[in-house]
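Okay, thanks for coming, everyone. Let me put the model up and walk you through a few contacts.

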Amino acid sequence: MSAAIQGTAAAEGVDVSAARRPGSIRSVAFHEPTAIAGLAIIGIFVLIALLSPFLLPGDPKEKVGPIFEHPSASHPLGLDGGGADMVKLLIAGTRVSLLVGFCAALVSALIGGTVGLFSGFYGGKTDIALMRMTDYVIVIPDIPLMIVAAALFGRSLTNIIIIIGIIYWTTTARLIRAQVKSVRERVYVKRARALGAGNRRLIFKHVLPQVAPLLIANTVLLVAYAIFAETFITFLGLGDPSVISWGRLIENAFTDDAILNNAWWAIVPPGLCVTLVVLGATLFGQSLEDALNPRLRVGHLSVRRFKVRPLRGKLDSE
Amino acid sequence: MRSFDFVAKRVLFAALTVFVAITLNFVLFRTLSGDAVSALRCRQCTAQFKAYQREQLGLDKSKWEQYTIYLQGLAHGDMGKSLRSERPVTEELWQPLKNTMPMVALGTLFSIVFGILIGVISAWRRATWADRTGLWSGLAFYSMPPQWLGLLIVLFVAGALGLPTAGIKDPTLGILGDASTWEVFVDRMRHMILPALTLGLVLYGEYALVVRSAMLETLGEDYVLTARAKGLTNWATVWRHGLRNALLPIVTLVALSLGFIIGGSITIEYVFSYPGIGLQVVEAIDQRDYPLLQGAFLLLTLSVILANLVADLLYFKLDPRVSS
């Protein structure tokens, strides 16, 4: 099947480059400009988060001057409504926001991946039952559900991670299911089955490695959703009161009346950080998904690949 | 007969989803968390009063009994009473709903119009500066947290335009003699524009991106080539042959993003102190008024389910392939 894709693509005069080869994340990550840009943005923030113990001696919330002090040489981004240094707060926020983003995305990917794998691989009644369940969860509005759950279950970081993770798995499940269904029908999987390979071996040896890159791409996108969702929950006062995240900095700026004080430096930077990371994760995740998912021939973000014609019908895996 | 089957199937699915949503609502509020009365924030409440309240709400009965009572109540349109105001939840939600609807409609309309416009121009003038501007502006707005965008608009835009940033009406309006209908309307619009603009911009990003990629796909199809070959103008090719077909995914998208629209409008209404459902939700959370929160959540869920059903049926109407 893979050869068929490449053959058609080549026949249409399309560059069968590294990005084309299904299954190779590395080639996408280092050849697509959008992927490189996205990866660079995420990389910088991850680096800041990892280095935060060295960058941040002491308590970031410590009062170092008058409230909403203007940016100055010693405090390049000024002070917030509690008189704490904005730069330190942002670094502390990076750590928590990324932690929430990655952990929640991991929970989602685990649930969604498992549901999609079982549903696609076993088919039949398992498939129907799991997909029905997914259909119901998809329709419930996610953000209100998260807000309600966060309001009911108490304000801790773990709760928030679990709540976000437990709600965002549906798209992953559908994506993985479609992919697994097409992989399952490939000749080498059928041959392996004929040679007597059990379900477990088929899943772990043949199917999972084929869908793993797509799962990773999807997880990157989920990181963006999760960071976004955290700012929602925290903005409504439902965040963990003991930690500083970007969402919390936006909330603080709002509740401490940064607007009345005209303190743009307390409002703009945390939201800008969220925007940048979400943008980075979207760029990276989307480029990976575009390149790895044969069903999405036309890249959502690519400017150049517009000539590639959709191969719908020839590649129908559902 | 086929079309009847399709419609019946979708309606049945929607009805089942409503049932699932109602049950989820019950499970979330009545069994997984503590009960509403103990969570209520109230200093003067004595233990006796709380026990009385529990009895009033039927919280002393078994879960199964509570569930049937809850279902019976809902069947009669009864969502219980708000703990804070002691008024029926339906009444408490009605006025905010009337405030929210026009604001969300205005914002969504804005985003659909601009999303389609910019998306189509981007796809048509692909790989030019126009496309890049459209793509990156779409991506930027898509990545912004709505509440933050709202704060930025309050900070940088509201002053310049001289628009109010809080509430839904001018407190001085109507003090000096009765205000005319026109004056009331203008005042309403002035208060509605900024929250609607915030919502519209956030959604615009997503819509523009999806319209663009749907259009790119459509413009590569054979029938577009045919349209060009038979000498149609660019205008006719893009709008009549291209967009017509690209509209299908957009219908699905608007329905799917309704959950996000609602979520976004909660934080946006909070930023602009706009007295709609979102602000009501925030206040209910603040005061731990669970019956009110439960009612609001159910209302939001039902509206999303309904919108999905409408989108499904619309899709059916728009796309002959579904019915054949």
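This is a predicted model: local features need pLDDT of at least 70, side-chain atom pairs count only at pLDDT 80 or more; totals for chains, interfaces and linings use all residues.

First, a working rule: two residues are in contact if their C-beta atoms, placed from the backbone, lie within 7 Å. Residues are numbered from 1 along each chain as its sequence is written, with chains lettered from A and ligands numbered from 1 in the order in which they are written.

Let's start at A296(B). Leaving out residues up to four places away in sequence, A296(B) touches L93(B), I277(B), Q280(B), V281(B) and A284(B).

Now zoom out to the helices (DSSP runs of H or I, at least four residues, numbered from the N terminus). Helix α5 of chain B, residues 89-124, and helix α13 of chain B, residues 290-318, have axes that come within 10 Å and cross at roughly 55°. Axes here are lines fitted to C-alpha atoms over the stretch in contact, and angles run from 0 to 180 degrees between N-to-C directions. That makes α5(B) oblique to α13(B); oblique is whatever is left after under 35 degrees (roughly parallel), over 145 (roughly antiparallel) and 65 to 115 (roughly perpendicular).

Who meets whom? On the α5(B) side you've got V89(B), E92(B) and L93(B), and they meet P291(B), L292(B), G295(B), A296(B) and L299(B) in α13(B).

Last, between the chains, 38 residues of chain A are in contact with 47 residues of chain B. On chain A's side, α6(A) gives the most, with 9 residues.

Methods
Helices (H or I, at least four residues) and strands (E, at least two) are DSSP runs, numbered from the N terminus.
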